[in-house]
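Dear colleague,

I am passing on the structure below, together with some notes on how its parts meet. Please read the notes with the coordinates open beside you.

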Amino acid sequence: MSIIALGIIIAVKVVVILVIILGIGAYLTLVERKVAAHIQRRPGPMVVGWHGLLQPLADGIKLLTKEDILPSSANPILYNLAIVMALVPATLVFAVVPFGPEVHVFGYDIKPILTDVNIGIILAFAFGSLAVYGVALSGWASNSKYALIGALRKAGIIISYEVVITFAALGPIMLAKSLSTYDIVMAQIHQKVWYIFLQPISFVVFVFALLAETGRVPFDIQEAEAELVTGFTVEYGGMKFGLFPLVEWYVEVLSLSSILAVLYLGGWSPLNIPFIGFVDPFFFLGAWSGFIWFIIKVSILFLLVLWLHWTLPRYRIDQITTVAWKVMLPLALFNILISAFIAPLLRG
Amino acid sequence: MIKKVFEKPLNFLETIFFLDFIKGMSVTIKQAFTKTITTHYPYEKLTAPKRFRGFFGHKTVNGLEPQPAFDEWAERMKVEPQPSKSRCVVCYLCKKACPVPDLFEIDGKKLENGKKVVSVFNMNLMLCTFCGLCVDACPVDCLFQSDIQETASFSRKDAILNLEKLELIGKVWQDRREQEPDRIWIDDEAREKLWRENKLNLRKVDNA
Amino acid sequence: MQATEKTLNEIKAKIPYVDVKKEKLTSVVYVQKELLFNVLKAIKEDFGFKLFIDHSVVDTLEADNRFEAFYILYNVDTKERILVKTKTEHALPSVEKLWFAAKWAERECYDMFGINYEGHEHLVRAFMWDTYSHYPLRKDFPLGGYETVELPSLNESTFGDNLSGTMNYKRTHTYVPTLKDLEYTERNRIKKKAQVVLNWGPLHPGTHGTMWFLFDLEGERIVQTDVILGQLHRGVEKLAEHEPYQQFLVYTDRMDYISGLCSNQAWTVTVERLLGIEDMVPLKAKYIRTMMSELQRINSHLLWLGTYALDLGALTIFLYAFKEREKIMDIIEGITGARLTISYTRIGGVRMDLPQGALDVIESFVKFFPKELKDWEKILSRNRIWVKRNKEVGVLTKEDIYFYGLTGAVARGSGVFYDIRKLEPYDAYSMVDFDVPLGENGDCYDRYLVRVEEMRQSIRIIEQCLQKLKTMSPNEPFMAESGDPKKLKLTLDGIGLKVPAGEVYSSGENPRGELGFYINSKGGLKPYRVKIRPGSFYNLCVYPHLMENRYIADAVTVLASLDPVVGEVDR
Amino acid sequence: MAYIGLLSLLVVMLGLSVVLISLNWLLGPKKKESYKTYPYECGVPLYDDTAQTTFHQGYYILGLLLLLFDIEVAYLFPWAVVYSLLGVFGFLEVFLFLLILTFGLVYAWRKGALDWQFDLESL
């Protein structure tokens, strides 16, 4: 493979990820607003475009043309650095997400994954936990008490759920015998089983950890609008304000849902009947059906997150940490024990 | 007489299978696939009920005045009724009944035949509480409250109703809504649509 | 019910140096101010008048002993109410040791009358800022205030279109606090003990209005709290002294603006009791009032439920509750003509009869609503997060209820049977059948359950009223006819309604607690002094106590479960 | 070599975030008003001028435990990958390892370290 071809492939992949972040991320705001609206018996945005289809665009323009305000007592460098720290690591997670199986385009075999390395999962968790710095910095830099409390709460959540999410992920890794995201999916395809069937406890724990890491209800205490107005974003305006929810509520949910799909739902593999095989209604698409399955799985997970978000009340900070350390962590440890018994039974 | 309230705590099975969450989520998903109940203001508007207490108006003399009260009061206050002009008899009862009397500015002028006619009737609605006590006080069914509710304006001047504006509102009202029956709502179809889930069926208008 | 002759005599026998007097509408114990504390203590502890209702002062303008103070106490077991009165020049002993609620009432009297309370722990103004130098409720304070600062009207400066005469809007304004005044006030109210003092409110979504809380924080822990009231203070009591009885009705709408009809009803019933015409009110009017105020109660509780859930993060319930609330609003709009500031009742009846179709609409609402309520309970009541957030939070014991003068659903949540509709029925409440829900633990969860159950009981009441109203013909009167128009003029507009001299304390069961009106009338068109006993004000006074050593997140839970409305707190 | 993609994404994202941050400054209006940059605290004067002070948090010990468990998990990742090759010995070894750490967790639990440190006294 020539250098040029490699460069083009990488460029295409980067562009795809950028589209996911900015385009899909922005349009997910519309999806969320529509889902929330219909759950609440409203139609949601209806004015800008057909059924509000241009609403994210209008929101974007509005946010971009706001005045740039720096609070008088804020620290300007940290204040802006916080946004970078929030945005960049969250998007880097996508680098290790395999969007589909290997495909054959223009004579090249291309894996639709930006960095297929043998420590993919570890990278994902590492970048995922870096996101807390953005929040913590923004809280400290804006020098507002509400922002500070919100940021410290977010740190509290991360402290609790960082351990839980990694312990939960150990189970599928033991079964797949690999840390590469691509290989984990391949292992599930070879073993003809999605790990959700073997690891239900770990799956539930992972879903809650996902909600916690992304600050979704019932763990949205860092911006709890009734107590902290909007927590750490309280001093931000315009696009700077817009980026935080974009990153937290959409980009991170998407990336962690992708990881979840990879770990438990067999990534791009079609519908699974445990230990018997896969059923693929999209067989006529060949290798490309994998992409559709991946999109379906991630969207279902995203809708589930929304559904939970618009149904449940939120926890209190001490209850969150207590649940994490006293319920989730022992469950995750127990799950490792179970996996230790299951793993040798599976074919390599 | 006394009812103790309590709620059972979750049992073990309900806890591990998240039955409490599932129950709540079943309600929200059910609602998500039910029709929306919104009215798309300002593209859609409901008709205010006849009793709505909005901006004020003066009903005009059109032969439908409450009799004999109107003639008696016109006699008593020495007021000459002018056709298609305000019915006001300058009795000041509205001002007397008002919790904020300052908002009224009423005056009459003498005609050549020695009788009076209302010349100034200003209402400063910046001060108004829209309680309707002045309407109750009006003995000749002149002052009334219309269904005008979109009253925001860029100048405080628009919040002051003078005699011309009041008469105009009154005339429009008399043409448009005066003859309606005293019903809770007038726009039955729109309301029944809004109350779809209640299966509301309003009885047909009784014009008796 | 007022204390009986027997109780008064027992008090006289036990405490010989007081005078007791049984008047037509009140039972009064007169006492010298030096003995006030001991007498109140004896009445509280020996005679069981444990519940603090209200305390305030009447400015009599007499040369010596200008102020007449009164304390209203209630005995929940024997259902008796008593007034304790004393006279003073400018100072009174503080009774905050007996009732914490008195502490706030005393602050209000200090603020409004300049009474000095000896032994008060922290005597600061209640509503005005601390650098304010007048006492607004004194009789010599003019209604319009002292005109010191003139604010330029926006229109004048922009368009230059002022009008002449009484229509002009160039109005002089009284002194408004500057940032410096506010800063002095906030530093005077709370002395920092912990790490950071956080301003929580007045412009904050969690305070349900413009309440200003100061939280002294040690991390997430609230070490001490204070409330700075008065953001919405409009001097309703002062206005009442300058309005005819009927016209004051308009201001009751604007106190507890969520439940205007209930406040209307409470005021009307009070004036009717003072006039002695409670029995003359037609049955139809009574049923209409009862039904409408129960609708309003559901309306108010829906707002509470919605905002409560919203505060705890369940936004969807908020929209569901508002969906139903909108229906009630539409009903009320169709019947009375207004959605929020209703002014529907009249002294002697109601403003208008029910329109055609009203009963059908209400019936269809009543049929559907319980189903909807059940759905919401499915989402909330047994949800583990909801239970965790509410159980063991903001616990109030029975003794707390009496000590802090709490009423309404807050009192019932702690298992105190205190419901004016049962204890002292007004309008048609004695003729309908309903249960009073009582909680056991007195935490936020119990208060939640009590209020939800109250909505169901309200539906029951409305159903009974509907049955009754259906049998009544449209020709039946809805206003009382005065036997002798010269003596007593009962009209819809209330012009010329003269009220005999006397005093009365009467209350209604508002959704937010007991709304009481103390009217001191010297005869004539206008009351001499009106003291409003707002349920929200006293329910809020327990808040600093409940917030001690709690999380910030509990602040919203507890505040929403006490459910104060600023319009009523500040008046 | 595999990391080139990651690196290029990092560079692109850094550039993009700088652009997004400065767009408001470029496109937005610029009007100076005296209280516009006043820190938000519900529209009233600040009691404490700065929020950058000591602020007690209840999860200090949890933070220490996080370090501990994160290191533990780092040890477990390689084990998880090759677990099937190690056989019974590998299982027993890590089982013992986890057991000790679980005892550590239980100890911390019994000592109340997993609870939110609400008061200074409980520290």
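**Contacts between chains**

Of the 5 pairs of chains that touch, chains A and D have the most contacts between them; please keep in mind throughout that this is a predicted model. On one side of that pairing stand 55 residues of chain D, and these are in contact with 66 residues of chain A. Helix 1 (3-27) and helix 2 (60-110) of chain D each contribute at least two residues to the side of chain D that touches chain A, and the residues of that side comprise 36 nonpolar, 13 polar and 6 charged. Chain B and chain D, on the other hand, are joined by no contact, and their closest C-alpha atoms are 22 Å apart.

**A helix pair within chain A**

Within chain A, the axes of helix 3 (residues 76-92) and helix 10 (residues 238-264) come within 10 Å and cross at roughly 20 degrees. Because angles under 35 degrees count as roughly parallel, helix 3 of chain A is described as roughly parallel to helix 10 of chain A. The crossing of these two helices of chain A is left-handed.

As for the residues involved, helix 3 of chain A makes the contact through Ile83(A), Ala86(A), Leu87(A), Ala90(A) and Thr91(A), while helix 10 of chain A brings Lys240(A), Leu243(A), Phe244(A), Val247(A), Val251(A), Glu252(A) and Ser255(A). Sorted by class, the contact between helix 3 and helix 10 of chain A has 8 nonpolar, 2 polar and 2 charged residues.

With best regards

How values were computed
Residues are numbered from 1 along each chain as its sequence is written. Chains are lettered from A and ligands numbered from 1 in the order in which they are written. This is a predicted model: local features need pLDDT of at least 70, side-chain atom pairs count only at pLDDT 80 or more; totals for chains, interfaces and linings use all residues. Two residues are in contact if their C-beta atoms, placed from the backbone, lie within 7 Å. Helices (H or I, at least four residues) and strands (E, at least two) are DSSP runs, numbered from the N terminus. Ala, Val, Leu, Ile, Met, Phe, Trp, Tyr, Cys and Pro count as nonpolar, Asp, Glu, Lys and Arg as charged, and the others, Gly among them, as polar. Axes are lines fitted to C-alpha atoms, for helices over the stretch in contact, and angles run from 0 to 180 degrees between N-to-C directions. Angles under 35 degrees count as roughly parallel, over 145 as roughly antiparallel, 65 to 115 as roughly perpendicular and the rest as oblique. A crossing is left-handed if the near helix is turned anticlockwise from the far one by less than a right angle, and right-handed if clockwise.
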